[in-house]
Amino acid sequence: MITTSGLTKVYRSRGREVTALDGVDLHVREGEVYGVIGQSGAGKSSLIRCVNLLERPTAGTVTVAGQDLTALAGRGPRAGKELRRARSRIGMVFQHFNLLSSRTVQDNVELPLEILGTSGKERSRKALGLLDLVGLADKAKSYPAQLSGGQKQRVGIARALAGDPKVLLSDEATSALDPETTRSILQLLRDLNRQLGLTVLLITHEMDVVKSICDSAALMERGRIVESGTVGELLATPGSQLASALFPVGGEASADDRTVVDVTFHGEAATQPVISQLSRTYNIDISILGAAIDTVGGLQVGRMRIELPGRYEDNVVPIGFLREQGLEIDVLGQEPVLLKEGARL
Amino acid sequence: MQPLLEQACWDTLYMVGWSTVIAVVGGLPLGVLLVLTDRAGLLQNVLANKVIGQIVNVARSMPFIILMVALMSFTRWVTGTTIGREAAIVPLAIGAIPFFARLVETAVREVDGGLVEAVQAMGGNTWTVVRKVLVPESLPSLIASTTTTIVALIGYSAMAGTVGAGGLGDIAIRYGFQRFESELMWITVAILAVVISLIQAAGDFAARSLHHRGGRAGPAPKLRLLKAATATSKTV
């Protein structure tokens with residue numbers, strides 16, 4: 001639904017160049033919620049702004065719903081008619097809501113329809129319908145200043161949906177909200193994603209956002225995407241920073257000559273008594289350093305950090321056994337190269 | 001004495017009224033253009049911005065009485081005469097356009113850039129941004145700027161007496177100062193004070209009632225506006 005390839009954005013100011021995006025390839029499938037996470041300055045904002053060309057990429061292409069937007073952009077700094085048309089089919093919600101204080105809630109939702117040239121009657125019918133959808137039917141005549149942060153963001157979402165978009169871009173939509181409100185806004189986005197088949201691309205710096213609603217995620221660092229995939233794939237990737245951040249388990253090795261292994265269970269493997277089998281088969285004592293079960297991206301996932309006596313070299317066989325059981329194994333303190341070799345065992 | 005003052009009142013209102021209308025019609029687009037053509041503006045054009053800015057600065061720096069003399073031939077071309085109320089409107093309006101334009105520029109610059117971005121993301125063009133965001137969102141400040149402009153124009157209009165345009169200021173100078181009828185002067189001063197207070201109050205009220213920002217905080221917007229108005233009039 002959204003594809004960027006080789007997306008590069010370089011800002012030039014007073015002779016200095018800052019590379020905000022450095023060849024970003026992103027692929028968002030239709031109907032999924034895709035989260036891009038990263039610290040501030042990682043380039044997330046530039047990325048989402050490049051998707052509807054609020055920022056012109058320096059190089060690379062952006063395709064949304066099969067339409068190459070970078071080709072529509074033209075050469076001047078202003079957006080041509082074609083690009084504006086395309087933008088009207090992409091909804092966008094903002095961290096600071098960006099509602100017009102001079103307009104009522106209903107008039108704010110009608111604004112995109114005014115731009116599209118919809119008739120007055122149709123506009124108000126649609127705006128009221130959308131306000132009902134986001135649970136603010138009774139606030140139509142209020143002004144944004146009279147609403148709470150969560151209500152403002154609901155208005156922002158209703159407004160973003162006015163043009164019947166297939167794609168919704170969310171620029172830190174919950175970052176200015178408290179945890180409780182964040183949850184309700186994320187729930188709303190999830191519901192809209194399911195009900196309307198809306199594809200959502202969101203950027204955030206909060207891992208919880210990715211954890212609670214994303215089907216796929218990407219981690220950005222210094223203008224590059226360093227990890228990406230569906231949540232399931234990420235959890236299955238040994239050494240994945242996103243996976244361990246999404247689902248942290250604590251616990252330090254009790255002595256130097258121990259091997260610490262993170263075991264991730266999902267799907268059928270979660271029901272097998274693997275740890276006791278391991279203990280009995282190889283006659284080893286296993287300590288559990290930490291464990292957790294959680295729902296990530298709609299998947300039931302368990303993660304356990306266990307400690308085996310002896311160094312990694314002594315435990316190759318038991319670890320191989322765990323892998324055979326269909327578990328994701330991540331041996332701590334091992335070089336990624338070794339891990340990859342291990343994966344082929 | 002009474003018909004004299006009454007006529008003077010009407011003359012002042014007539015001159016100030018028309019020159020305000022022209023100043024708003026001319027200064028609003030100019031002020032918006034100053035914002036749009038500025039660096040990182042929607043119609044970024046550094047050269048145009050510099051040119052407009054310079055014209056505005058030169059016009060602003062000229063004392064009104066000099067401007068009135070300098071514009072005489074232009075005034076004659078527009079109104080066919082250089083004396084009387086109509087002739088005074090031309091320099092008043094031309095003096096007020098750049099004044100108002102700067103106030104508009106300040107007011108429009110205050111509009112949150114995020115709102116502009118939101119409208120662009122909806123597919124709006126520059127004209128949409130001006131019409132739906134920049135002007136409506138800065139309307140309370142624009143009203144306050146208009147009030148400031150009217151008050152300044154009342155001050156300028158006193159000098160219009162030198163081209164035989166009449167008005168309250170003219171009465172104060174000719175009767176009060178030159179003929180030593182100090183009673184008449186104090187009356188005109190009092191009338192001017194009342195008129196200016198009324199206009200300021202009406203302007204503040206209009207600006208406040210358009211302000212939808214403070215749903216809960218009642219008096220805050222008023223304070224803000226007053227501050228904005230005095231701050232801008234100081235820089236003028």
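I count two strands as paired if DSSP finds at least two bridges between them. Helices (H or I, at least four residues) and strands (E, at least two) are DSSP runs, numbered from the N terminus.

**Entry 1: ground rules**

I am working on a predicted model, where local features need pLDDT of at least 70, side-chain atom pairs count only at pLDDT 80 or more, and totals for chains, interfaces and linings use all residues. Residues are numbered from 1 along each chain as its sequence is written, and chains are lettered from A and ligands numbered from 1 in the order in which they are written.

**Entry 2: chain A overall**

I found 13 helices and 14 strands in chain A. Its C-alpha atoms fill a box of roughly 75 × 50 × 35 Å along the principal axes. I then looked up the domains, whose bounds come from an automatic or database domain assignment. Chain A splits into domain 1 (2-234) and domain 2 (247-343), and I get 39 Å between the C-alpha centres of the two.

For burial I use C-beta atoms placed from the backbone: a residue is buried if 20 or more others lie within 10 Å of its own, exposed if 12 or fewer, and partly exposed in between. By that count, 42% of the 345 residues of chain A are buried.

**Entry 3: the β2-β1-β4-β5 sheet**

This one is an open sheet of 4 strands in chain A, paired antiparallel in the order β2-β1-β4-β5. β2 (16-28) and β5 (67-68) each have a single partner strand, so one side of each has no neighbour in the sheet. β4 (residues 59-64) is joined to β5(A) by 2 bridges, and Thr63(A) sits opposite Asp68(A).

I also checked what packs on the sheet. Helix α1 (residues 44-51) touches β1 (2-13), β2 and β4 of chain A, and its direction makes about 65° with that of β2(A). Contact here means C-beta atoms, placed from the backbone, within 7 Å. Angles run from 0 to 180 degrees between N-to-C directions, with axes as lines fitted to C-alpha atoms, for helices over the stretch in contact.

**Entry 4: strand β8**

Why is β8 (residues 199-204) of chain A largely enclosed by the rest of the structure? Because 6 of its 6 residues are buried. Thr199(A), Leu201(A) and Ile203(A) cover one side, with Val200(A), Leu202(A) and Thr204(A) on the other, and all are buried.

I traced its partners next. β3 (residues 33-37) of chain A runs parallel to β8(A) over 5 bridges, with Tyr34(A) opposite Leu201(A). β7 (residues 167-171) of chain A also pairs with β8(A) in the parallel sense, over 5 bridges, and there Val167(A) faces Thr199(A).

**Entry 5: the β12-β13-β11-β14 sheet**

I moved on to another open sheet of chain A, with 4 antiparallel strands in the order β12-β13-β11-β14. Its edge strands are β12 (287-296) and β14 (328-331), and the twist averages 15° from one strand to the next. I counted 9 bridges between β12(A) and β13 (residues 299-309) of chain A; Ala292(A) has Arg303(A) as its bridge partner. Helix α12 (residues 316-324) packs on this sheet, touching β11 (258-266), β13 and β14 of chain A.

**Entry 6: where chain A meets chain B**

I have 23 residues of chain A in contact with 22 residues of chain B. On the chain A side, α3 (81-88), β6 (90-94) and α4 (105-116) each give two or more residues, and α3(A) has the largest share with 4 residues.

Technical notes: Contact = placed C-beta atoms within 7 Å.
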